[in-house]
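Work through the exercises below with the sequence and the model open. Try each task before you read its solution.

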Amino acid sequence: ENDTITEASMLISQDISEDDLPSVALEELFQCLGFIYDIENRYYEGRSILSQDSNATTTLAGQDRMILHRLYP
């Protein structure tokens with residue numbers, strides 16, 4: 001069984017503002033690592049890189065960091 005990611009692609013719209021780019025790029029990189037779903041819930045705005053409705057998160061913390069460590073120890 002091959003469970004190693006060997007390549008990924010990231011697409012970012014040219015319409016993304018410079019202010020939103022750090023969050024969007026981090027989210028897309030995070031999703032390239034296997035976390036493919038966005039979270040649509042106001043609680044996660046500013047808390048999770050996977051928040052569908054917010055580009056306020058620019059670092060991995062809390063549950064994002066925890067799940068990253070669980071998948072990639």
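**Exercise 1: Helix 1**

Task: list the buried residues of helix 1.

Solution. Start with the cut-offs. Buried means under 20% relative accessible area, exposed over 50%, and partly exposed in between, with a 1.4 Å probe and protein chains only. Helices are DSSP runs of H or I with at least four residues, strands are runs of E with at least two, and both are numbered from the N terminus. Now read off the list: S23, V24, E27, F30, Q31 and C32 are the buried residues of helix 1. Next, look for their cover, which includes helix 2. Then step past the end of the helix: G34 follows helix 1 and has a positive phi, near 120 degrees.

The model is predicted: local features need pLDDT of at least 70, side-chain atom pairs count only at pLDDT 80 or more, and totals for chains, interfaces and linings use all residues. Residues are numbered from 1 along each chain as its sequence is written, and side-chain values use heavy atoms, leaving out hydrogens and water.

**Exercise 2: Helix length**

Task: check the span of helix 1 against 1.5 Å a residue.

Solution. The expected span is 1.5 Å times one less than the number of residues. Helix 1 has 12 residues, so it should span 16 Å. Its end C-alpha atoms are 16 Å apart, which agrees.

**Exercise 3: The core**

Task: find the residues of the largest nonpolar core.

Solution. A nonpolar core is a set of buried Ala, Val, Leu, Ile, Met, Phe, Trp, Tyr and Cys residues joined through side-chain atoms within 4.5 Å. The largest one has five residues: F30, F35, I49, L50 and L60. In soluble globular proteins, nonpolar side chains tend to be buried together. Now take I49. Contact means heavy atoms within 4.5 Å. Beyond its neighbours within four places in sequence, I49 touches S23, L26, E27, F30, T57, L60 and D64.

**Exercise 4: Q52**

Task: is Q52 buried or partly exposed?

Solution. First place the residue: Q52 lies in the loop between helix 1 (21-32) and helix 2 (62-71). Its relative accessible area is 40%, so Q52 is partly exposed. Then check its contacts. With neighbours within four places in sequence left aside, Q52 meets D38, I39 and E40.

**Exercise 5: The whole chain**

Task: how many helices and strands does the protein chain have?

Solution. Count two helices and zero strands. Of the 73 residues in the chain, 21% are buried.
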